[in-house]
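Have it open while you read.

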Amino acid sequence: MNPEINVVILAAGLGTRMKSRRAKVLHRAGGLTLVEHVVNTAMEITPPERITVVVGHQAEAVRKALSHRPVQFVEQAEQKGTGHAVMMCRGLFAERPGYVVVIYGDGPLLSAETLRRLIEKQIGSDTAATLITTILENPRGYGRVLLDSDGMVSAIVEEKAATPAQAAVRLVNSGIYCFRADLLWKYIDEIRPENLAHEYYLTDMPEIFRRAGHRVAPFELADPTELLAINNRVELAEVDAIMRNRKAKELMLAGVTIEKPETVTIDASVRMGIDCTVGPFAQILGNSVIGDECEIGASSVIRNSILAAGVKIEPFTSIADSRIEAGAHIGPFARLRMNNVIGVGAHIGNFVEFKNTRFGAGAKASHLAYLGDSEIGEQTNIGAGTITCNYDGIKKHKTQIGSNAFIGSNSTLVAPVEIGESAYVGAGSVITKPVPPKALALGRGRQVIKEGWVEKRKGK
Ligand code: UD1
Ligand code: CA
């Protein structure tokens, strides 16, 4: 039987070095908040009800960011240090058997594979705890790990307290530990806030265990990348770049062509089919799903949208919360704001804005239009400059246009209004009344010609 694993994620600190009003773990890298990344990783090794997140700064916002994950929360009202944060969990599961894994919420690159190996190493040994260490070229900001002659951890020294000799040590504490549950709860209260910061440091545990005759083993990772913690916004950008790079590589290896991959932003949750092409500076975000053979033009932004196969998005197009059917062609410079469904083979051209609109298969709006709260039939042509007046200052109203209709340029469609199938609307019309199927509607001033008017006016 597998032993019980309880995971504690420390996410209560403000993160002073971020110089932010927002709690550090709520900053984003790779499209998710830092704490979401860590919780996702923990969920790969243990059921969510065995994951406890210690919250403090902006506790409500942190809970909200994790509301879709059934983890438990513990409040650390005053942030008195990483050891104190773990102490807060005593009431919740100190009686539980097995092991307690502690992870700091500011290290979002950690992999589940590494956690599994950490736990295996601890289970297979007779030590009180195992902690992940690594050697850093530049160890600044990290606690230094001191080893005894047996290669066991004798102490972790925080940078502020380190002697010059200790500061020169490049073996650092990752902040990821696996403790034997019984020994953790037996000894954790021996942590004393006797340091420059007057905090309860979890990093005192190796020395405490040692005094009690127990040992702590290091688990050294050769590649420090996944242990990088974020303390300021420079590190945030570095970690974000690593995540973006990973995602771009994964997609390229799966059959997506990415031009200038170092410039694109694709969230980890995005899925893409084969033979897609992504132009420079494109962003594909959230839960977007892109079918095979789509083209995403340079500098386009696609958010939470579904594109069927063979959709072509020209450069500088913005699409959010919409669904685009196969073979549609959109942009450049188009904006699909929210809740649109664009039919098979439809065409939306430059400077066209859509909101909450269903656009039939093969329909066209090639230039300069606004279609809001509307339903437009198949093969209908929307002329340049057409505007749905969907808002009367109080309420939004619907525009309905049947299939095969032709809306002349610069038409103003005052909603609520209905235009029948195959109807025509003359250019420049203001349409306020229903147009029956197959009818022609004209709603404009008649053109008047006054021959020789100019000469008469000048009295010649
Ligand atoms: C900590 C370690 C250091 C290690 C480094 C690895 C300690 C004393 N130091 O330093 O040895 O090398 O991480 O990244 O543990 N937190 C709380 N409550 C608190 C204090 C912190 O929940 O009272 C949380 C923070 O939100 C953060 C995490 O614990 O997610 C780590 O805190 P941080 O202040 O970043 O620790 P470091 O100084 O980086
Ligand atoms: Ca940190």
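The points below go through the ligand, the pockets and the cavities.

1. A word on the source first. This is a predicted model, in which local features need pLDDT of at least 70 and side-chain atom pairs count only at pLDDT 80 or more, while totals for chains, interfaces and linings use all residues. Residues are numbered from 1 along each chain as its sequence is written, chains are lettered from A and ligands numbered from 1 in the order in which they are written, and side-chain values use heavy atoms, with hydrogens and water left out.

2. Start with ligand 1. It has 24 residues around it, and Q76, G81, Y104, E158 and N173 are the closest (a residue is near a molecule if one of its heavy atoms lies within 4 Å of it). By class, this shell has eight nonpolar, eleven polar and five charged residues. Ala, Val, Leu, Ile, Met, Phe, Trp, Tyr, Cys and Pro count as nonpolar here, Asp, Glu, Lys and Arg as charged, and the others, Gly among them, as polar.

3. Which elements each supply at least two residues of that shell? They are strand 1 (5-11), helix 3 (82-87) and strand 10 (171-180). Helices (H or I, at least four residues) and strands (E, at least two) are DSSP runs, numbered from the N terminus.

4. Now look at the oxygen atoms of ligand 1. A backbone N or O atom of G13 is 2.8 Å from one of them, and a polar side-chain atom of T82 also lies 2.8 Å from an oxygen atom of the ligand. For D106, a polar side-chain atom lies 3.1 Å from a ligand oxygen atom. On its own, ligand 1 would expose 760 Å², and the protein buries 89% of that (accessible areas come from the Shrake-Rupley method with a 1.4 Å probe).

5. Where does ligand 1 sit? In the largest pocket, with more than half of its atoms within 2 Å of the pocket's grid points. On a 1 Å grid over the protein atoms alone, a pocket is an open set of points with protein on both sides within 12 Å along at least five of seven lines, whereas a cavity is a set where a 1.4 Å probe fits but cannot get out; lining residues have an atom within 4 Å of a point.

6. The largest pocket has a volume of about 1100 Å³, a volume being the space filled by probe spheres set on the points, which are joined across faces, edges and corners. Its lining has 34 residues, and R17, K24, T82, E199 and N231 lie nearest its centre. Strand 10 gives the largest share, three residues.

7. The second largest pocket holds about 460 Å³ of space. Of its 22 lining residues, R28, G31, L32, E36 and G286 are the closest to its centre. By class, five are nonpolar, nine polar and eight charged.

8. There are also two cavities of 30 Å³ or more. The largest has a volume of about 70 Å³, and its lining includes Y104, D106, S174 and E226. Strand 6 (99-104) and strand 10 each give two or more residues to this lining.

9. The second largest cavity is about 40 Å³ in volume. Helix 8 (205-211) supplies the largest share of its lining, three residues. By class, that lining has nine nonpolar, one polar and no charged residues; L131, Y177 and F209 are among the lining residues.

Definitions and conventions
Polar contact = N/O pair within 3.5 Å; in protein donor to acceptor, adjacent residues only side chain to side chain.
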